[in-house]
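Me: I have a structure open here and would like to talk it through. Can you take my questions as they come?

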Amino acid sequence: MRFPLMIGLLFLASAVVAQDTTLLSQVGDSLTNSTKPMPVTGTFKGIYLIQLQTNETIAAGALNFEIQHRFGQLNSGAYQFFGLDNATLRLGLDYGITDWWTVGIGRSSYLKTFDGYTKFKLWRQQDGGGGMPISVTLMGTISNYTQNFPDETYLNANYRTGYATQLILARKFKFFSLELVPSYIRNNLVPTVADKNDMVALSGGARVRITKRMSLDGEYNYLFPNQVVSTKVYNALSFAWEMETGGHVFQLVFTNAQSMVPTQFISGTTSSWGNGGIYFGFNIARNFNLTSHAKKSVKY
Amino acid sequence: MKKTLLAAACLILTLVKGYGQQYMTRNGFVGFYSKTPAEDIKAETRQGFAIIDEGKKNLAFAVLIKGFTFPKELMQEHFNENYMESDKYPKATFNGSFAGDLAPGRDGVYHVTVKGNLTMHGVTKPVEMPATIERKGNQLIGHAVFHISPEEFNVSIPSLVREKIEKSLEVHVDIQCDQK
């Protein structure tokens, strides 16, 4: 008669012991159940993929200093040291007004061009079920080249100005990120009447992570045909090897685009991969925190 | 016979329930800090889940890695992407027990020793720390300060930035648990 009682007690005791180990799963379950979809961060490492902008913006109060450097064309021969004797440079400053609104200015040596842009993060991708599947950023840029052409004195500021608007759709997957960027480009002056002032293009970009701090990037900018006819233009195709160390992002770049300004490289790339018109170069991004709350020392 | 068994079971169950009073919180505080000449690091979250089982002297804790906020956003991104790999290892957990007695039904601060397993970044390590548990009405308030080293949890830090992060980070935990 005592036997079932013993069994019963034993069973109860084991139930109590089992409860002990479930304390952890209890907190784990509550944590999982209460977790809301969170915004995905780090889709791309910087605000520039290579030339193309990414969906990323600069954090509020932070300043990004961007150096984009391209040597000359690889096919320019031994006399030009395969392009290394020449250089095109764009220096840029990008500032985060809020976490979702970034403004930037740049100056590049190509046609002595000034450019400025503003960029809004409209939606952020969220992880977890039911959240936003992609990130959406809107970017508007204006450029003005100031190089003097003595025989073209009619070139006033208006003629020298171009605009580009881009809608940047991006998604981060486990080890890679993709973006699709439709662009509308307006150049106030084009060489002939057959050329279009208003152009559309579609760009695609990818980042593949190979280690925690290294990735391979690629981008392709497709300009729809019959928009630029007076000069032979090519679609800009670029690859980069990207490395990150602390507040720096460093990229080694191979591209057929010489310019780094959207109004120029998307619609005005005149060299091609096919005949070796490739530019070797690098991008360096450095982040500075300017806000007082970021600078403040830790107190505890 | 069946009645005896049932009575015994009921008795034991009520005893267990009464004895194993649990306290819980959904907004436990965790912060970790590092101070070096090169850079100060501060990260805090108030989204920790904790349960203290007073009777069995057990406690458990879980916190989302992505819930930690830093004053510098880029630092937060690096923390999630490069160091803690929060997509792969989304949470940090602690499971353990405490040694020391809490006088039943009397408010006061009690010094205890907490011992258990800390799991984060896919690595589980035994830890032991002094802590205090304060009884305040229907609440148990736990407080602990301890140190962890990133390398112990397989968090690799590149030599270039090693001097910007302390070898052992100070961790503060504050949990205000209400009776369940």
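This is a predicted model: local features need pLDDT of at least 70, side-chain atom pairs count only at pLDDT 80 or more; totals for chains, interfaces and linings use all residues.

Me: OK, chain A. How many helices and strands?

Reply: Chain A has three helices and 14 strands. Twelve of the strands make a closed barrel with antiparallel pairing, in the order β2-β3-β4-β5-β7-β8-β9-β10-β11-β12-β13-β14. On average, neighbouring strands in this sheet are turned by 20° against each other, ignoring direction.

Me: Which residue is the bridge partner of Asn64(A) in β3(A)?

Reply: Asp94(A) is the bridge partner of Asn64(A). The strands concerned are β2 of chain A, residues 62-73, and β3 of chain A, residues 87-98, which run antiparallel and are joined by nine bridges.

Me: What radius of gyration does chain A have, next to a compact globule of 300 residues?

Reply: Chain A has 26 Å, whereas a compact globule of 300 residues would be near 19 Å. Along its principal axes, the C-alpha trace of chain A spans about 115 × 45 × 35 Å.

Me: And how much of chain A counts as buried?

Reply: 36% of its 300 residues. As for contacts in chain A with a separation of 6 or more, 57% of them come from residues 24 or more positions apart.

Me: Switching to chain B. What is the strand order in its barrel?

Reply: The closed barrel of chain B has eight strands with antiparallel pairing, running β1-β2-β3-β4-β5-β6-β7-β8. Neighbours in that sheet are turned by 25° against each other on average, direction ignored.

Me: Which strands does β1(B) pair with?

Reply: One partner is β2(B), residues 40-53, which runs antiparallel to β1(B), residues 22-35, with 11 bridges between them. Another is β8(B), residues 169-179, also antiparallel, with seven bridges to β1(B).

Me: How many residues lie between β1(B) and β2(B)?

Reply: Four, and the two strands form a hairpin. Within this pairing, Val30(B) has Thr45(B) in β2(B) as its bridge partner. On the β8(B) side, Tyr33(B) stands opposite Glu170(B).

Me: And β7(B), how does that pair with β8(B)?

Reply: Strand β7(B), residues 139-148, pairs with β8(B) in the antiparallel sense over 10 bridges. Ala144(B) has Val173(B) in β8(B) as its bridge partner.

Me: Last topic, the largest nonpolar core. Which residues touch the most other members?

Reply: Val27(A), Ala50(B), Ile51(B), Ala60(B) and Phe61(B), out of 37 residues in that core. Apart from it lies another core of 16 residues, including Ile47(A), Ile58(A), Met139(A) and Ile168(A).

Me: Back to Val27(A). What is it in contact with, leaving aside neighbours within four places in sequence?

Reply: Val27(A) is in contact with Phe49(B), Ala50(B), Ile51(B), Ala60(B), Phe61(B) and Ala62(B).

Technical notes
Residues are numbered from 1 along each chain as its sequence is written. Chains are lettered from A and ligands numbered from 1 in the order in which they are written. Two strands pair if DSSP finds at least two bridges between them. A nonpolar core is a set of buried Ala, Val, Leu, Ile, Met, Phe, Trp, Tyr and Cys residues joined through C-beta atoms within 7 Å. A residue is buried if 20 or more other C-beta atoms lie within 10 Å of its own, exposed if 12 or fewer, and partly exposed in between; C-beta atoms are placed from the backbone. Two residues are in contact if their C-beta atoms, placed from the backbone, lie within 7 Å. Axes are lines fitted to C-alpha atoms, for helices over the stretch in contact, and angles run from 0 to 180 degrees between N-to-C directions. The radius of gyration is taken over C-alpha atoms; the globule rule is 2.2 Å times the number of residues to the power 0.38.
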